[in-house]
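The sequence and structure are shown first.

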Amino acid sequence: MSFIADPVSFITNWLNSLLSGWGIPDMWVQFIMFIIGAGLLAFGAMIFTIGLIWLERKLGGRIQDRIGPNRIGPWGVFQPIADMLKIFTKEYITPIGADILLYNLAPILAMAAVLGLWAVIPLSSTAYGTNINVGALYLIGIGAIGELGIILAGFSSNNKYALLGGYRAVAQLLSYEVPMAITLLIPVMFAGSMGLNDIAGAQKVAFIFQAPVAALIFFIAGIAENGRAPFDLMEADSEIVAGYNIEYSGLKFGMYYVADFLHAFTSALLFATIFLGGWRGPGAEQYPILGFVYLFVKTAVVYLLTVTIRFTVPRLRIDQVMAFNWKYLTPLALATLLVTALVDKIAPAGQGLLRIILLLVANVLLFLLADRLVTLYRKNHQKLRKVVSEFRPVPVTIRPSVAADEPEVQS
Amino acid sequence: MLHEWLYLVIFLAISMFIPAIAIGMAALLSPKKPAPIKNSIYECGIETYGPTKIQFKAQYYLYAILFLVFDVETVFLFPFAVAYNKLLLFAVVEVIIFVIILGAGLAYAWRRGALEWS
Amino acid sequence: MTVMQLIFLLNAAVTIIAGIMMSRVRRLLHAALWLVLALFGVAVTFGLLEASFLAIVQVVVYIGAIAILILFAIMLTRGGTDDTYDNSKRWIISLVVALIALGGILLALFTWPQGQALTTPLTAAQQDIGAIGIALLDPEGYLIPFEISSILLLAALVGSIYVGIEHKGEEK
């Protein structure tokens, strides 16, 4: 019974007693357990991506009114494995003049930046990688390592289009880190701690009800950080010839691809942990495996939403992307932070219903105000454009004297 | 607490190790036939024209500066967020002043056109 | 030698080697990347002292913002990515200055009464990040520096925007 209720703790305790029974000193037992745990988690995340690629391609196909992969295996489930086999055997074409060490380090850094996120996410009340007390800031730091990888890729390819694509990608990623970091402050405020375990554990009422605007901003910034549609222009095929990973071939390119898909799922996992309550649900404390199931269901909902948005919405231009971030998301995030901090101090203490309703009302009012301001701003700008491009019809008549102007052979 | 950081270091090392092993394996399995036309820099199918390192716009640097300032501001606000439940309303007012000063900076950047992607 | 000492020595070696390489390589971009490695070494040092908040802030601010700013600045400068920097003549003077500075720091460390004390594991109260928050916002604590730092950041932002944007009628 204990194995079914809490498989991770059961196996951990069993392995612990096994290794201690062999007479290995305590510190080494812990070290070996860490290596086994970390290896399983990282490897499991990478293998899970294979199923994720299939799911996304099938879903994308259905949304676009086509079937998606269906040849290899029933419903095309072995399609990603075939793709993997193909990519493993493609030749690595290194461009002339590329910086060899940096060129090879960049895809590894990109993958490490995404996998590193899995270390701090609480998968159930007892199964988590590590419970560092600065989990929220760690998310931002790992994003920074990913950006470093992209700059390395752009520069070491010795190709001006890769460099340009790298600059634009890093500019977009840097910009969207700001609202993401600011809205991360709000769950930290509510939970009183930066650790993700504590944030997940403090949600008797899910934080999305207490801070809906912050959740929305975090969701949008997460999609933009990932580089998915509508913020697609980092790797879009029709833009600037596929961006910073032009000169990569074979599995190095495959690493970027896998990192992209895994990042989408990991963003959904983070959103579910921080704003939807993570593994919390009825009975999740006594039976941690239930916690795992709840987390998976919540993540699946958010992930499917992300995939639907990806295949539905058209791509934004780079100036629209930047304007949206610096002129709307960042001021809105700052305003949400201030309003939430103020209202939460004024409202009665405890997790009472009145406090939640006050917070909800404040958030809705803030959102409507922001909407009104955007409409005003757009009206101001549209007036300008109307004056510039006013259409004045000019009369055109066909005069017979045009034909008479032709020189005649005989006068 | 140190053992938690140790786990993180081990995890990051493994997450760099696994892709490296995979790329190494693929290097063993894939053919190696370097040819000058294959290894040349890609430029829409024509030969490379002009120097490879281009000059870029100052706009990228402005975005990086904006990000730096707001990043440092957010890092200052994280201890406030952790201690939020034990603080008084007075502390929230102080933080509002802090954020408004930096919001004025953002407004200056907006008016000056530093946020436009020209 | 305990495991902690081993890890500390390894980290110190990586940081020092990264620092030396940073000042010795020819290409400026490679120097910036060695700087990133040195900053990472400093973050690990903070982690070894159980200052987890400072370690993560080091990664987020220094590596995530300042190192990327330095990389952008190098690529923005004309000739920043060239290979022609000649640093063979001045290294003796800089070595002497660095050794004098190191001597001064070591002297200060060895005459400090706590300089020979061993690190003890921190108690839970000492690891509380909320205490930093309360101290930052306490009027008898660090409130004035907190507000002044926001003005400092504002000044930095306004200054760099003024220098960076294109003024009408001026050459870039």
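## Domains of chain C

In this predicted model, the centres of domain 1 of chain C and domain 2 of chain C, taken over C-alpha atoms, are separated by 24 Å. Domain 1 covers 1-83 and domain 2 covers 128-167, with bounds taken from an automatic or database domain assignment.

## Extent of the A–B interface

Between them, chain A and chain B bury about 7,000 Å², of which 78% lies on carbon and sulfur atoms; buried area is the accessible area (1.4 Å probe) lost by two parts on being put together, summed over both. Of the area that chain A buries against chain B, 11% comes from A:K160, A:W326 and A:K345, more than from any other three residues.

Chain A contributes 88 residues to the contact and chain B contributes 69 residues, where contact means heavy atoms within 4.5 Å.

One salt bridge is found across the interface of chain A and chain B (a side-chain nitrogen of Lys or Arg within 4 Å of a carboxyl oxygen of Asp or Glu). The side chains of A:K327 and B:E116 form a salt bridge at 2.6 Å, N to O.

## Basis of the values

Residues are numbered from 1 along each chain as its sequence is written, and chains are lettered from A and ligands numbered from 1 in the order in which they are written. Local features need pLDDT of at least 70, side-chain atom pairs count only at pLDDT 80 or more, and totals for chains, interfaces and linings use all residues, while side-chain values use heavy atoms, leaving out hydrogens and water.
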